[in-house]
Amino acid sequence: MRGIVYTGTDAEVTEALEIGEPGPTEVKVKIEAAGVCHSDLSVIDGTIPWKAPSVLGHEGAGVVAAVGSSVRSVKPGDHVVIATLASCGTCRACSTGHPTWCIRTLGNVSTPFTFAGQPASNFAAASVFAEYTIVQEVQAVPIAPEVPFTSACLIGCGVLTGVGAVLNRAKVPPGDTAAVFGVGGVGLNVIQGLRLSGASRIVAVDTVAGKEDLARRFGATHFVDASATDAVAEIKKVVPHDPRAVPGALGPGGVTWSFDCVGHPAVLRNALDALDWGGTAVAIGIPPRGAEVAVDVNNLAYVDRGLLGCRYGSARPHQDIPLMVELYREGRLMLDELVTATAPLEGFRDIVEAMHEGKLARGVLTFS
Ligand SMILES: NC(=O)c1ccc[n+]([C@@H]2O[C@H](COP(=O)([O-])OP(=O)(O)OC[C@H]3O[C@@H](n4cnc5c(N)ncnc54)[C@H](O)[C@@H]3O)[C@@H](O)[C@H]2O)c1
Ligand SMILES: [Zn+2]
Ligand SMILES: [Zn+2]
């Protein structure tokens, strides 16, 4: 079987993968399309420590090939988006509608593959850079067969993460202002989540000036090229402080919401500094383990500023994936437009290079 394996130092396109049959609670999926998320690149460069060998990819869609004996919710032939949360369904977090807090969803590495005869683990409980994968029943979320796989796959991470950060975690009310740092696969979905929420001013920030067109197409009202200007100062020009407020150490002016979709402490610090009184920064990007950001506590405590972390858009996959499909089919959520490059597995390196150069919304690997 073909796939992309993380070898401990690099990623290798290989034909030396094998996979077994699903256990009683598992579903085997024939992958049709898989988006390349920055988190896959972060495994390869060591930012996200992971076991090797393992099969990369966690943003995928495909067709159910086989189901285990106790599986009831999907059957062979169903089209599914794969969610990365192999949540248990019975703990307090799951019972209260927060599967992203389920402790079973982190570190639950399994080894459904062999690579050159040796056991190979999965990544993010998904491993969709392979012709077939095996996931838990709860992760195989059925979708309408009309949605093209190249668009549907993106729901599995970038769309849920970005749109969910706005709708589920921040719960941005209409009329609020926002800044989005990083106009990649996640940031574009934060931008369209803000558009869906009715945000008034949406300031997109990227170090690649060429991202402006994409950002505006997805709903940004302003764009700041952070390679050429001071992003915080520019944001405060777009949303200046109330002239009656006294400027000072507590830094009035700026947006009510800011989203770090890059994963660098300096960007998160900018996201905090761009906030008006009462504003909240949402940390989505994943920096290396141990990364820290320094904050002037008075700037938070005196004026109700805050900082939230957000995993996987705080998603409830069986609620949010069908919702994303519904919004897409109504023409309210842009998925096809996110796909700016497609390639077979062998084109993985080209997609990675284009991502590093900031050329893509999303690159998608196809299998047939
Ligand atoms: N919290 C979660 O659940 C979750 C889920 C998915 C991805 N992520 C993380 O989100 C981040 C973004 O992922 P992605 O797939 O959108 O990446 P991407 O590579 O598609 O996009 C990143 C964008 O950030 C821009 N950028 C880089 N440095 C910048 C800077 N200093 N200031 C402004 N813009 C800058 C790049 O030009 C690019 O447009 C990664 O860290 C990824 O690991 C987190
Ligand atoms: Zn991802
Ligand atoms: Zn649970």
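Which residues are the closest to ligand 1, and how many surround ligand 1?

Figure 1. Ligand 1 is surrounded by 33 residues, and His38, Gly182, Gly184, Gly263 and Gly358 are the closest; a residue is near a molecule if its C-beta atom, placed from the backbone, lies within 6 Å of it. By class, the shell holds 16 nonpolar, 14 polar and three charged residues. Here Ala, Val, Leu, Ile, Met, Phe, Trp, Tyr, Cys and Pro count as nonpolar, Asp, Glu, Lys and Arg as charged, and the others, Gly among them, as polar. At least two shell residues come from each of α1 (38-44), α4 (158-170), α5 (185-197) and β13 (202-206). Helices (H or I, at least four residues) and strands (E, at least two) are DSSP runs, numbered from the N terminus. Domain 1 (3-147 + 335-366) and domain 2 (162-311) each contribute at least three residues to the shell.

**Figure 2. The contact between domain 1 and domain 2.** The chain is assigned domain 1 (3-147 + 335-366) and domain 2 (162-311), with bounds from an automatic or database domain assignment. Taken over C-alpha atoms, the domain centres are 29 Å apart. On the side of domain 1 that touches domain 2, α1 provides the largest share, three residues. That side of domain 1 comprises five nonpolar, seven polar and two charged residues.

**Figure 3. Leu323 in helix α10.** Helix α10 covers residues 317-329 and includes Leu323. Leu323 is partly exposed, because 18 other C-beta atoms lie within 10 Å; a residue is buried if 20 or more other C-beta atoms lie within 10 Å of its own, exposed if 12 or fewer, and partly exposed in between, with C-beta atoms placed from the backbone. Leu333 is ten residues from Leu323 in sequence, and their C-alpha atoms are 10.0 Å apart.

**Figure 4. The chain as a whole.** The chain contains eleven helices and 19 strands. Along its principal axes, the C-alpha trace spans about 65 × 40 × 40 Å. Of the 368 residues, 51% count as buried.

**Notes.** Residues are numbered from 1 along each chain as its sequence is written, while chains are lettered from A and ligands numbered from 1 in the order in which they are written. In this predicted model, local features need pLDDT of at least 70 and side-chain atom pairs count only at pLDDT 80 or more, whereas totals for chains, interfaces and linings use all residues.

Notes. Two residues are in contact if their C-beta atoms, placed from the backbone, lie within 7 Å.
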